[in-house]
There are 2 protein chains.
Amino acid sequence: MAFELVSVDGHARAGILKTAHGDVKTPAFMPVGTHGTVKTLSAQELKEVGAQIVLSNAYHLYLRPGEEVIKAAGGLHKFMGWDGPILTDSGGYQVFSIADFIKVKPEGVYFQSHIDGSKHHLTPEDIIRIERDFGSDIIMPLDECVPYPVEKSRAREAMEITIDWAKRSKGFFESSKLPTTNHQLLFGIVQGATYPDLRKECAQRLTEVGFDGYALGGVSVGEPSELMYEIIEGTSAALPKENPRYLMGVGTPLDIIEAVRRGVDMFDCVVPTRNGRNGTAFTWKGKLNLSNAPYAKDCKPIDESCDCYACRTYTRSYLRHLFNAGEMLALRLVSLHNLYFYARFMEKLRDAIVDSSFEDFIDGFKRSYAIR
Amino acid sequence: MAFELVSVDGHARAGILKTAHGDVKTPAFMPVGTHGTVKTLSAQELKEVGAQIVLSNAYHLYLRPGEEVIKAAGGLHKFMGWDGPILTDSGGYQVFSIADFIKVKPEGVYFQSHIDGSKHHLTPEDIIRIERDFGSDIIMPLDECVPYPVEKSRAREAMEITIDWAKRSKGFFESSKLPTTNHQLLFGIVQGATYPDLRKECAQRLTEVGFDGYALGGVSVGEPSELMYEIIEGTSAALPKENPRYLMGVGTPLDIIEAVRRGVDMFDCVVPTRNGRNGTAFTWKGKLNLSNAPYAKDCKPIDESCDCYACRTYTRSYLRHLFNAGEMLALRLVSLHNLYFYARFMEKLRDAIVDSSFEDFIDGFKRSYAIR
C-alpha cells in the first residue's frame, strides 16, 4: 500500500504517501510547475523551502516541449533537475479552459493547441502513455471538467465520460506496467459538479474500479466557498479511508484548513506562487502587499517569525523597491517565501493532527492570520 | 594605499584593491546592479558565482527608491543584502543617455526623471553626498559624456567640465570625510572622446588633482573596436602606475583581453547578464544561443567544463524549453552561468599575468573561443 494513515483527529488525517522518489508527509501541498518549472524557482530552492512533491502538467508538456524531448532527457525528473516526487495532472482541466475548438467525443478529446493552433487528438490511453513516459510518480487520468453553474444533466454526462475514461485509463495503466514503471501510482478523479448525489455516485463507482488515490476535480471553479466545503465533505466521506485524497487546484490557507478538516490529504494551487509574483506575501499575521507605500522604509523582513532565505536576507523596503522597479528578483523572493510559508503551514497542520490538537491549532492560526 | 600591484606581464597587471568590504583581486569584472540588484540574481548567488564587487548606480537609486529609503536601511550594502564591495557610478552616463530635457550648466545638471518626469537638479557635490550616504566603497564623480562621433571642440568642452566637476567632487569628498566614511575611495573619470591628446591631457590633469583610482569614461559608445583599443592604450599609459584603472561599460571577453593587455584593472558591463536574459550563454568554446532548435534534445549542460549551479543541474534542452515557454528561471540560470564564466575568465587572466604567461593564455583562449 502506497499510503499509510498515521493519525486521525476528527476527519483530519496525517499520513505518509510512499513514492519511488521519496515519502510525502500528508497533509501536503504541491507547488505548481505547469511547464516543468515552479515559476521563478530552481530545484534547489524547492528543496530549501521544503517542497515534498511538485505538480506538473501532461497537457502543457505534451504540447511544449513535447514527449520526445522529455523522453530524450530520460524522463521529467531528469528534465526538471528535480529528484523528488512528481504528480502530473492529465490536463483535462487545461484542455477545457485554455485549448481552442475543443470537441469531446467518447473516444477522447479533439482540440487545437493554445500555443500554435496545431490540431491534436488525445485519448485517455494517450494521456496515460505520456505520463508513463514522463516517469511521473503519480499519474492523473483524463477527465472532463464542467464550469459552475452547470445543469445537472450536463454534469452527469461529464461524470459518465470521466468514469468511462477512468476505467480505460486504469486498463491501459495496468497493461502498460513494466518493471521500470512499477512504482507509478494512478489516481481517479471524482467529478459531479456541485451535485452531492453525483459526487457520491462518482466516488463509489471509481472506488469499485480501484485507484491508488482519489482526487476531487472540478472544484474551486467559481462556486461559493460554503458549497465547495459541502461537496468536499460529502465526497471525502464517500471515498475509501485507506487511500489518499487530493483536492485539485485548492487553495488559500483557509480553504486548506476546511478541506483538511473534512479529510483531504493533498493540495495543489498557484496561489502562493502567483501571489508571490504579484507582490502579495503570506505571513502568520495574514497577507501583505509589498508594493504598498507604508513599506517604503520598512526594514523588517516579510515575516519576522520566518527563516526563509528572503526573510533572512532582505527587507520589505528592498522588496517594495524591486517590485516598483520591475525587478525579477522580487518575484523569486516572494514566491520562495510563500512556498516556505505553505510548507511550514502544512507541517503545523500535520503536527496538530498527530497531537490531536487540530481544532486548537486552527483557532490560534485564524486569530493570528486575521491580524493584518 | 588601497591598491597593491602584485605582478605585471607586459602592460597587463595583477593587483589587489583593498576596500572596507573586502579585497578585490584584479583584473576584476563587476556585475551590474543598476537598481540595487544584479538582474534576476540573489546576493547569495553573486557570492556563489565568485563576484568580488558589484556596481550600482547613484542616479538610478537617487530617483528610485530615493536617498532616504537607502539611508533608512543603513546604506546600500544592507539595503541590497550584499556585504561585499560596491562601486557606485555617478550616473553621469545615464543622465545623458536616458534622462529627459537635460541641461548641463557649470554648477551641475538639470534634468527630468525618465520614470515620472519630475524635475531634478544635481551638482557634483550632491552626487558625492548621495554616494557617501549610500556607503559605497568606490565613489564615481559626476562627469559629462559625449556621443561618438563628436566635434573636438565639444569633446574639449565636456572634458573641461568633467575636470572642473572632478575637482569640486574631490573637495566635497575631502570635506565630508567622517570616521565612518573614512574607508570610501574616490575615482576620477577621464573623458576626451576619441581624441588621444584630450584623453592624455585629461588623465594628467586628473592625476594632478589626485584620486584613489582612475576610470576611462565615454568609451564603447559606438566607436570602432580598434579606435577604442587605441584610446585605452594611450589613456592607460598616461595614468599613474600605482592606482587602479577602470574601463567603464566594457565588455565582451575579447574586449576585456585587449584592455587588460593595455593595463586596465577593472571592468563592468551588462553583457553577461543581458545576454543571459536573452538566452545567449558564454562558454570556453564561444557563445551559444540556447533558444536555437539544435538544442531541443541536447542533454549536455551549457558548458561541459563548467561547474556552476546551472551546468551542474540543467541541460541545454531544458533551458531551451524554459526560454521558449517564457519561464523566468531560464533568465536566472543563464545570467548565473554567464557571471560564473566571467569570474572564472578574470581569474584565469590574473593567473596568467602572475605566471607571466598572459600572451600564451590569450592565444589558447582565442583558439578555443572561436570554435563554435
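Modeller: Two strands count as paired if DSSP finds at least two bridges between them, and the strands themselves (E, at least two residues), like the helices (H or I, at least four residues), are DSSP runs numbered from the N terminus. This is a predicted model, in which local features need pLDDT of at least 70 and side-chain atom pairs count only at pLDDT 80 or more, whereas totals for chains, interfaces and linings use all residues. Residues are numbered from 1 along each chain as its sequence is written, while chains are lettered from A and ligands numbered from 1 in the order in which they are written.

The part to begin with is an open sheet of three strands in chain B, which has the order 1-2-3 and antiparallel pairing. Strand 1 (3-9) and strand 3 (22-26) of chain B stand at its edges with a single partner strand each, so one side of each has no neighbour in the sheet. From one strand to the next the twist averages 10 degrees. Six bridges hold the antiparallel pair made by strand 1 and strand 2 (residues 12-19) of chain B, and within this pair Glu4(B) lies opposite Ile16(B) of strand 2. Helix 14 (residues 328-354) of chain B packs on this sheet and touches strand 1, strand 2 and strand 3 of chain B, with a direction that makes about 115 degrees with that of strand 2; here a contact means that the C-beta atoms of two residues, placed from the backbone, lie within 7 Å, and such angles run from 0 to 180 degrees between the N-to-C directions of axes, which are lines fitted to C-alpha atoms, for helices over the stretch in contact.

Strand 5 of chain B runs parallel to strand 6 (residues 86-89) of chain B, joined to it by four bridges, and Leu55(B) stands opposite Leu87(B) of strand 6.

Helix 14 of chain B, together with helix 3 and helix 4 (76-80) of chain A, is among what covers the buried residues of helix 13 of chain B. Eight of the nine residues of helix 13 (residues 316-324) of chain B are buried, so the rest of the structure largely encloses this helix; a residue is buried if 20 or more other C-beta atoms lie within 10 Å of its own, exposed if 12 or fewer, and partly exposed in between, with C-beta atoms placed from the backbone. Leu319(B) and His321(B) are among those buried residues. Just after the helix, Gly326(B) takes a positive phi of about 70 degrees.

The two chains meet through 33 residues of chain A in contact with 33 residues of chain B. Helix 13 of chain A gives the most to the side of chain A that touches chain B, namely five residues. That side has 17 nonpolar, 12 polar and four charged residues, where Ala, Val, Leu, Ile, Met, Phe, Trp, Tyr, Cys and Pro count as nonpolar, Asp, Glu, Lys and Arg as charged, and the others, Gly among them, as polar. A rotation of 180 degrees with 0.0 Å of shift along its axis superposes chain A on chain B (RMSD 0.0 Å), the superposition being by least squares on the C-alpha atoms of residues with pLDDT of at least 70 in both. The two copies are thus related as by a two-fold rotation axis. Among the residues of chain A, Met328(A) comes closest to this axis, with its C-alpha at 4.0 Å.
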